[in-house]
Amino acid sequence: MTTKNTRINVVFDPEDYEEISEMAVARGVSKSEMVRRLTTGGVLQLPSERFTDEQYEVVKESLKKIFEALSECRRDSAGIGNNLNQIARKVNSGERADLALVESLVRAHVGSTSRLSEKVSILSGQLGSVL
């Protein structure tokens, strides 16, 4: 382990100071260590023993659900994209496009993306309460 002997003085407004203090307490580290992690990209590199079994399960399940939601959205987007490509080929070859079909595909894509956003938002909130 290297000795830390170089200092940087930083001034925070009260809200930022309080936020850093709360983050440090939640992670069981000093404010200096918290700032170090934030500035070096190490904030998420917490030792697994810092989590209780319950917190670990929440993180694990939330991440699993996020990946499932992303996979579902990817599948939906791929199918919609394939259909749009087929329509584009027909239009480029001189055929008329079924505008109702195009509209329904675009709505399906927007709906899929919106559902993904909602799921990720909810799950991120759950993760945030643990981390």
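Predicted model: local features only at pLDDT ≥ 70, side-chain atom pairs only at ≥ 80, totals over all residues.
Me: Which helix holds Arg107 and Glu103?
Reply: Helices (H or I, at least four residues) and strands (E, at least two) are DSSP runs, numbered from the N terminus. Arg107 and Glu103 are 4 residues apart in one helix, so about one helical turn separates them. That helix is H4.

Me: Is Arg107 buried or exposed?
Reply: Buried means under 20% relative accessible area, exposed over 50%, and partly exposed in between (1.4 Å probe, protein chains only). Arg107 has a relative accessible area of 58%, so Arg107 is exposed.

Me: How many salt bridges does a search of the whole structure find?
Reply: Arg107 and Glu103 make one of them. Another joins Arg36 to Glu33, and Lys60 also forms one with Glu57. The search of the whole structure gives 3.

Me: How far apart are the closest N and O atoms of Arg36 and Glu33?
Reply: Both residues lie in helix H2, 3 residues apart, about one turn of the helix. Arg36 is partly exposed at 31%, and Glu33 is partly exposed at 21%. Their closest N and O atoms are separated by 2.4 Å.

Me: What separates the closest N and O atoms of Lys60 and Glu57?
Reply: Lys60 and Glu57 are 3 residues apart in helix H3, about one turn of the helix. Lys60 counts as partly exposed at 41% relative accessibility, and Glu57 is partly exposed at 37%. The closest N and O atoms of this pair are apart by 3.9 Å.

Me: In what order do the elements of the protein chain run from the N terminus on?
Reply: The protein chain has 4 helices and 0 strands. Of its 131 residues, 18% count as buried. From the N terminus on, the order is α-α-α-α.

Me: How much space lies in the largest pocket?
Reply: On a 1 Å grid over the protein atoms alone, a cavity is a set of points where a 1.4 Å probe fits but cannot get out, and a pocket is an open set with protein on both sides within 12 Å along at least five of seven lines; lining residues have an atom within 4 Å of a point. Grid points are joined across faces, edges and corners, and a volume is the space filled by probe spheres set on the points. For the largest pocket the volume is about 610 Å³.

Me: Which element supplies the largest share of the lining of the largest pocket?
Reply: The lining has 15 residues, and Arg7, Ile8, Ser32, Val35 and Arg36 lie nearest the centre of the pocket. Helix H1 (14-27) and helix H2 (31-40) each give at least two lining residues. The largest share, 5 residues, comes from H2.

Me: How much space lies in the largest cavity?
Reply: The count comes to 1 cavity of 30 Å³ or more. Its lining consists of Ala69, Glu72, Cys73, Asp76, Ser112, Arg115, Leu116 and Lys119. Helix H3 (53-92) and helix H4 (99-130) are the elements that give two or more residues to that lining. The space in the largest cavity is about 50 Å³.

Me: What accessible area do Ile8, Val10, Phe12 and Tyr17 have together?
Reply: Patches are made of residues with over 30% relative accessible area and no salt bridge, with like charges joined within 9 Å and nonpolar side chains (Val, Leu, Ile, Met, Phe, Trp, Tyr) within 5 Å. Accessible areas come from the Shrake-Rupley method with a 1.4 Å probe, and for residues only the protein chains shown count as cover. Val10 lies in the segment before H1 and is partly exposed at 47%. Together the four residues form a nonpolar surface patch with an accessible area of about 410 Å².

Me: What distance separates the C-alpha atoms of Ile122 and Ser62?
Reply: Ile122 lies in helix H4 and is exposed, with a relative accessible area of 55%. Ile122 and Ser62 are 60 residues apart along the chain, and their C-alpha atoms are separated by 9.2 Å.

Technical notes
Residues numbered from 1 in each chain as written. Heavy atoms only, no water. Salt bridge = Lys/Arg side-chain N within 4 Å of Asp/Glu carboxyl O.
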